[in-house]
Amino acid sequence: MTRKEQKEERKQKILMTALTLFVERGYYDTKITDIAAAVPMSTGLMFHYFESKEELLLELVKMGAAGTKAASGSSASTQETTGGTAPVEIPPQIYLEKFLEQLFSYAKEQPWVFNMFVLMGQARRSGMPEEARQVALSVDTIDTTAEMIKKGQKSGVFRSGDAKLLSKCFWASVQGIMEEMAMDKEMKAPDAKWLMALLLK
């Protein structure tokens with residue numbers, strides 16, 4: 001392993017340790033010395049990677065925002081076909097169900113994903129460092145999913161009603177499940193169809 005690879009591996013270890021402690025103890029109750037001790041490394045060495053606890057939080061929230069945007073971006077309901085032809089539209093109900101299945105499956109393989117959901121929820125609250133809070137609030141899953149719900153309503157597969165409110169209820173359910181699974185390591189992932197029942201006619 002090269003020196004650069006070792007440095008990157010250590011940086012990731014710091015981030016994952018901080019993520020766990022922020023979720024388990026809370027951001028304000030976690031000290032930078034707690035993170036250093038858990039890695040383990042000296043506090044002085046940690047400052048070579050991150051200048052402050054606020055910088056650590058911001059880096060984690062940026063990771064969470066990038067991952068969420070990639071998973072539910074503006075092209076979420078389209079899939080490029082090969083050969084340079086036009087995109088194929090994926091029915092919104094199929095896209096959302098498959099998204100949930102993949103999310104729960106991936107999170108079980110990579111448990112830090114559960115913690116990231118919890119942290120992103122915490123970071124949106126008032127009282128958190130403002131720069132990290134603004135990054136967390138920039139993740140627009142509600143409006144993106146609301147547009148998909150509107151398409152499903154037009155095609156007759158989704159229940160009628162305020163698409164944005166339905167989207168908020170859908171994501172609140174996902175958030176709650178991820179938080180429960182972060183706390184209860186033995187909890188099984190729910191069937192994606194249970195959550196889809198919130199939206200389907």
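**View A. Met-41 lies in the loop between α2 (32–38) and α3 (43–46).** The model shown is predicted, local features need pLDDT of at least 70, side-chain atom pairs count only at pLDDT 80 or more, and totals for chains, interfaces and linings use all residues. Numbering starts at 1 along each chain as its sequence is written, and side-chain values use heavy atoms, with hydrogens and water left out. Met-41 has 14% relative accessibility and so counts as buried (under 20% relative accessible area, 1.4 Å probe, protein chains only). Leaving aside residues up to four places away in sequence, Met-41 touches Arg-10, Ile-14, Ala-36, Met-46 and Tyr-49 (contact is heavy atoms within 4.5 Å). Val-23 is 18 residues from Met-41 along the chain, and their C-alpha atoms are separated by 20 Å.

**View B. The peptide bond between Val-39 and Pro-40 is cis.** Its omega is about -5°. Most peptide bonds are trans. Pro-40 belongs to the loop between α2 and α3, and Met-41 is in that loop too.

**View C. The whole chain is built from ten helices and two strands.** Helices (H or I, at least four residues) and strands (E, at least two) are DSSP runs, numbered from the N terminus. Along the sequence the pattern reads α-α-α-α-β-β-α-α-α-α-α-α. The C-alpha trace spans about 60 × 40 × 35 Å along its principal axes. The protein has 201 residues, and 40% of them count as buried. Among contacts with a separation of 6 or more, 64% come from residues 24 or more positions apart.

**View D. Helix α5 (residues 92–109) packs against helix α6 (residues 112–123).** The angle is about 115° and the axes are 6 Å apart; axes are lines fitted to C-alpha atoms over the stretch in contact, and angles run from 0 to 180 degrees between N-to-C directions. Helix α5 is therefore roughly perpendicular to α6 (65 to 115 degrees). On the α5 side, the contact is made by Leu-103, Tyr-106, Ala-107 and Lys-108. On the α6 side, Trp-112, Val-113, Phe-114 and Phe-117 take part.

**View E. Met-116 and Gln-122 both lie in helix α6.** Met-116 counts as buried because its relative accessibility is 5%. Beyond residues up to four places away in sequence, Met-116 touches Leu-19, Leu-60, Met-63 and Gly-64.

**View F. The largest pocket holds about 650 Å³ of space.** A pocket is an open set of points on a 1 Å grid over the protein atoms alone, where a 1.4 Å probe fits, with protein on both sides within 12 Å along at least five of seven lines; lining residues have an atom within 4 Å of a point. The volume is the space filled by probe spheres set on the points, which are joined across faces, edges and corners. The pocket is lined by 26 residues, and Gly-64, Thr-68, Phe-117, Thr-141 and Trp-171 are the closest to its centre. Two or more lining residues each come from α4 (53–71), α5, α6, α7 (130–137), α8 (141–154) and α9 (163–183). Helix α5 gives the most, with six residues.

Conventions: Parallel < 35°, antiparallel > 145°, perpendicular 65-115°, else oblique. Buried < 20%, exposed > 50% of the residue type's maximum accessible area, 1.4 Å probe, protein only.
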